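Welcome! Please take a moment to look over the sequence and the 3D structure below, and then read on for a short tour.

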Amino acid sequence: MVKLRKRDVQRLARSLRFRLMVSYALLFLIMLMGTAVVFRARLASELRTSADNTLNEQWAAIKGAYLRIEPTLELDNKYGANWYYDAEDVEETTQVLNLKKVYLIADANGNPIPEVIPDSTAHPPSVSATYDDLGRPSPAEIRKYVASARKQAAPPLFSVRWSSKGEPFSLRSGLLWDERHQEPFYVSIGVSLTKNQKILRDYTWAAFVVVIPLALILASLLGWIMAGRALTPVREVAQAAQRVSGSNLSLRIPTREAGDELDYLILTFNRMTERLESSFQQMKQFSTDVSHELRTPITAIRGQLEVALFTAKTTDQYREAMFNALQDIDRLSQIVRALLLLSQAESGQLVLQKTPVDLGETVRDLVEQFQIPAEAAGVRLTAGIEPDCLAAVDRVQFERMITNLLSNAFKFTPEGGNVRVRVERSEGHVNVVVEDTGCGIPPEHLPHIFDRFYRVTGSGTAPTAEQGLGLGLSFVAWIAKAHGSEVAVDSTPGKGTRFTIKLPTEPAETGALELTGQPAAS
Ligand code: ADP
C-alpha cells in the first residue's frame, strides 16, 4: 500500500503537468520575492529619511527657538543651557519635553553643561537618562569632533544606537554656537525608531509570511489548472496513438484548428500513421503479388505435367509438354532471382562499388549488344553520345539500369519504330536518356509504373513472357536512387516514352541504400 503510494508520488513528480506547475510557481515566487524585497528596501529608506527629517526639524526648533547656551549669572557667568518656552502653552511644553527625551549638550571639552531651570537652584547636567542609556560619546570623542568641525563646517552626524532594552534610536549630532563669544557646543538629539521598526516588521510579516505563501498556493493551483488544460490535447494524442494498431491504421486524430504546436503535433502524427498505413498496404500488396506471380507458373507447370501424364501418347506430345513446363520453370526462376535481388537491395546487402566510369562508352557498348535484337524486331536503335561523360557509378548496376530501359523500349515499340539513347553532359551531371516511339504509357498509369509487379498491359489477365515481371522499373528507380538520382518519365500514348536519369558526376553519399516500400515514381 505504502509502496504503491510512493510510486504514485514519483509518477506525479515526473509528470509534465506537475513540472510545468512547479516552474510556473517558482517563477511567480521569484517575481514576488524580488518585488517584496525591493519594496522593503524602499520602505526602509523612506522611514530612515522621515526619521532624519524629524531630527532636522527638531534641530531647527532647538536652534531657532527653544535653546540658548549662554553665560548665566546663577552659574557665576559660566555657560548653561537655557530652555525658553511658554510653560502655559501645552503645545510648546509638550514639544520641548519631547525634545528633552533624548539629548546631550556638552562644551568643547566634552563635558555636559549644566541646565538652568527657572525658579530652581538645581543645575543638572544637560543629558537625558535615555541618552545616557544609549551610551554617551566620550569627552575625547566630542573634543575631536568639535576640533575638526571648528576648522571646516562639518555636516551633522547621523547615527543609530540601541538602548539597553534593544530600542533603536536615530541620533543627530552637531555644533551649536554662542554667536556672541564664538564658543562652540556639542549638541546631540535623538528620536525613537521603534515605530518605524514596527512598520517594517509588520510589512515583512505580511509580505513574506502571509501574502507570498498565499499567492504561491494560488499560483500553484492556477498553474496546475492551466498546465492540465494545455496538456489535454497531448493526452488525447497519446490515447489515440494507443488505439492505433496494425489493423486500425486508418485512424486520424482531428486537429483543433488552432494552428498551434499541438495541431502541428497532431498533423505530424496523422502523417506518420498515413505513411505507416501505406507501408502496411504495400507490404500486404507485395505478399499478394508475390504469391500470385509464383502461383501462376506453378499452376501452368502442373497443367503441362498433368497433360503429359494423362493424355500424351506420342513422344512429340511429351516433348511439347516438357518444353512448355520448362518455359514456365524459367519464368519461375526469373521471378525468384529478381525477388532475391530486390530483397538484397531492401536489406542493404547490395553494396554499390562506385568508380569513375565513362557512361558514354558503357552505353555505346550496350547499344552495340542490342543491335542484333533490334534488327530482329525491326526497330532502329541509334545513340547520341557526347565525349568525356564521366560519373561515379557502380558499372554493373548502371548497365542493369540501361539494359532494363532498353529492353522495355524494344518490348513496347512496334516494328518500324525508333529507339534512341543519349548521353549528355550538364552542370555537375551526366544525363542519360532512353526514348522510343512506342505505344507510350497512359497518364493514369505513370505514377505506378515504378511499383513492383505493376504492368500497364495485361492487368487482370495472366502475364505473358512479353509483358515481363513488372519488376524492371522498380530496379531502375532503386539503382537511380542509390546513385543520388531519380528517374524522370515523359510519355505520350501512341507516340512514345522518354526516361531521363540525371547522374551526379560527384559520388553520392549512399553506397548501399535501403529500398523501403515501393520505389518512388518520378
Ligand atoms: P515489365 O517487366 O513488365 O516491363 P517494368 O517494371 O519494366 O515491368 O515496367 C512496368 C510497366 O511499365 C510495363 O509493364 C509497361 O506497361 C510500362 N512500360 C515500361 N517501359 C515502357 C515503355 N518504354 N513504353 C511503354 N510502356 C512501358
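A residue counts as buried under 20% relative accessible area, exposed over 50%, and partly exposed in between (1.4 Å probe, protein chains only). By that scale Glu277, at 26% relative accessibility, is partly exposed.

A word on the ground rules: this is a predicted model, in which local features need pLDDT of at least 70 and side-chain atom pairs count only at pLDDT 80 or more, while totals for chains, interfaces and linings use all residues. Residues are numbered from 1 along each chain as its sequence is written, and side-chain values use heavy atoms, with hydrogens and water left out.

**Salt bridges**

Side chains of opposite charge can pair when their charged atoms come close. Here a salt bridge is a side-chain nitrogen of Lys or Arg within 4 Å of a carboxyl oxygen of Asp or Glu. The count by this rule is eleven. Three of them are set out here, including two that involve Arg252.

| Pair | N to O distance |
|---|---|
| Arg252 and Glu274 | 3.8 Å |
| Arg252 and Glu277 | 2.8 Å |
| Arg422 and Glu424 | 2.8 Å |

Arg252 is partly exposed at 30% relative accessibility, and Glu274 is partly exposed at 44%.

Now to the table's last pair: Arg422 meets Glu424 in a salt bridge. Shared partners join Arg422, Glu424, Glu435, Asp490 and Arg498 into one network of salt bridges. Glu424 is partly exposed, with 23% relative accessibility.

**A sheet and a helix**

Strands pair here if DSSP finds at least two bridges between them. An open sheet of three strands has the order S1-S2-S4, with mixed pairing. Its edge strands, S1 (67–72) and S4 (115–116), each pair on one side only. S1 and strand S2 (residues 78–83) run antiparallel and are joined by six bridges. Thr72 stands opposite Lys78 in S2.

Helix H2 (residues 16–66) lies across S1 and S2, running at about 45° to S1. For such angles, axes are lines fitted to C-alpha atoms, for helices over the stretch in contact (heavy atoms within 4.5 Å); the angles run from 0 to 180 degrees between N-to-C directions.

Methods. Helix = DSSP H or I, 4+ residues; strand = E, 2+ residues; numbered from the N terminus.
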